[in-house]
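Here are my notes on the model you sent over. Have it open next to you while you read.

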Amino acid sequence: MSDDERLRRWRLVLGAGADDTADGTGAGLGQDDRKLDAALGALYDGDGAGESGPRTGGLGGSAPQVARWLGDIREYFPTPVVQVMQRDAVERLGLHSMLLEPELLAAVEPDVHLVSTLLSLRGVLPEQTKETARAVVRTVVAELERRLADRMRSAVTGALDRSVRTRRPRPGDIDLARTIRANLQHFSPDLGTIVAERLIGHGRRRGSVERDVVLAVDQSGSMAESVVYAGLFGAVLASMRTLRTHFVAFDTAVVDLTDELGDPVELLFGTRLGGGTDINRAIAYCQSLITRPTDTLLVLISDLYEGGDRAELLHRVAALTRAGVQVVALLALSDSGAPAYDHDTAAALSELGVPAFACTPELFPDLMAAAVRGEDLTQWVTGS
């Protein structure tokens, strides 16, 4: 990179001084870069409030100005950068109002964070904006399904196949390690090999329900991104005939959205982001759904900040594990980095044999497959 290009980039990062040059660079900008700089400055330049005061940008409350800015950043920056800038505009400048107007909402680049914001604003969306909001959510869900749904189905189906053993497997389903161990007594010195009189393989049972899956999803405001991914994965799991899937969303109340699993968009609009958290009440409801404990996987997606009865929560979880239910606590199901969570409750769950860790959406199919196979999930805790 040339020195001029390096100075140009620093100039765009630092913003303009009083004489339209950034302190210390001495670099000016061409016409195209001035437009790019104006788009950045509208969002990130301060207003002279001082070091302790809030930084505010130049978008103000003008809908036409916001619309022009949305068009500019889509022209000047790649999609991932546009999504970050939109999120910053909403969070830093309080431009939630731009999501309440259909014309502005239609100009926004859809992503998971935007969906989370729309779901949190669901109760105040004007009637003329609701259909546009649903279209945005539908676009994001379709992209997530394209990226993740097939992986989930493949991983879980493979895990279920390998959980059923047969002694007359097809060639591609032979479990070589188990077959060798079962035929060690049939070693032939003349042939110098083991004669496999008994084959052991992976069965492929279809049509019957092999596992019950209960997703208990914390819909408090801090879990917004996790709710979006959980809704998508819940819909995918519900589409598999070998699974019986329940989707339970909760804050201080509990709502069973299982009937909405056929349409992830409607499922997400059935959630209610924000409010407090009563995990114990949610787990109590989940207990009422479990009829086959040893064939049930309960996935609690929560940051574990309990606003209800923590002691009773731990008592319920202990009872579930004793009955044979496999319980997993996901502190977050998102790409947003290390989550904030209640370390004491996570440690208490760990002592009960319930692993607690965060998981990215890309790894969730592998996690579900490992859980279905009954693997020890401790490695996921140490790897998170």
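1. Ground rules. This is a predicted model, so to speak: local features need pLDDT of at least 70, side-chain atom pairs count only at pLDDT 80 or more, and totals for chains, interfaces and linings use all residues. Residues are numbered from 1 along each chain as its sequence is written, and side-chain values use heavy atoms, with hydrogens and water left out.

2. The chain overall. There are 15 helices and ten strands, taken as DSSP runs (H or I of at least four residues for helices, E of at least two for strands) and numbered from the N terminus. Of the 384 residues, 46% count as buried, where buried means under 20% relative accessible area, exposed over 50% and partly exposed in between, with a 1.4 Å probe and protein chains only. Take contacts (heavy atoms within 4.5 Å) with a separation of 6 or more: residues 24 or more positions apart account for 72% of them.

3. Six strands make an open, mixed sheet, ordered 7-6-5-8-9-10; two strands pair if DSSP finds at least two bridges between them. Strand 7 (254-256) and strand 10 (356-359) are the edges, and each has a single partner strand, so one side of each lacks a neighbour in the sheet. On average, neighbouring strands are turned by 25° against each other, direction ignored.

4. Strand 9 (residues 326-333) and strand 10 run parallel, joined by three bridges. Leu-330 has Phe-357 of strand 10 as its bridge partner. Helix 11 (residues 279-289) packs on the sheet, where it touches strands 5, 6, 7 and 8, and its direction makes about 155° with that of strand 6. Axes here are lines fitted to C-alpha atoms, for helices over the stretch in contact, and angles run from 0 to 180 degrees between N-to-C directions.

5. Helix 11 against helix 12. How do the axes of helix 11 and helix 12 (residues 310-322) cross? They come within 9 Å and cross at roughly 25°, so the two helices are roughly parallel (under 35 degrees; over 145 is roughly antiparallel, 65 to 115 roughly perpendicular, the rest oblique). Helix 11 contributes Ile-279, Asn-280, Ile-283, Ala-284 and Gln-287 to the contact, and helix 12 contributes Glu-312, Leu-313, Arg-316, Ala-319 and Leu-320. By class that contact has six nonpolar, two polar and two charged residues, with Ala, Val, Leu, Ile, Met, Phe, Trp, Tyr, Cys and Pro as nonpolar, Asp, Glu, Lys and Arg as charged, and the others, Gly among them, as polar.

6. Helix 6 against helix 9. Helix 6 (residues 112-120) is mostly covered, with seven of its nine residues buried; Val-112, Leu-114 and Leu-118 are among them. Its axis comes within 9 Å of that of helix 9 (residues 224-238), crossing at roughly 105°, which makes the pair roughly perpendicular. On the helix 9 side the contact is made by Ala-224, Glu-225, Val-228 and Tyr-229.

7. Two residues to look at. Leu-304 lies in the loop between strand 8 and helix 12, and its phi is near 70°, a positive value in a residue other than glycine. At 0% relative accessibility, Leu-304 counts as buried. Thr-296, in strand 8, is buried too, at 4%. Leaving aside neighbours within four places in sequence, Thr-296 is in contact with Asp-212, Val-214, Ile-290, Val-325 and Gln-326.
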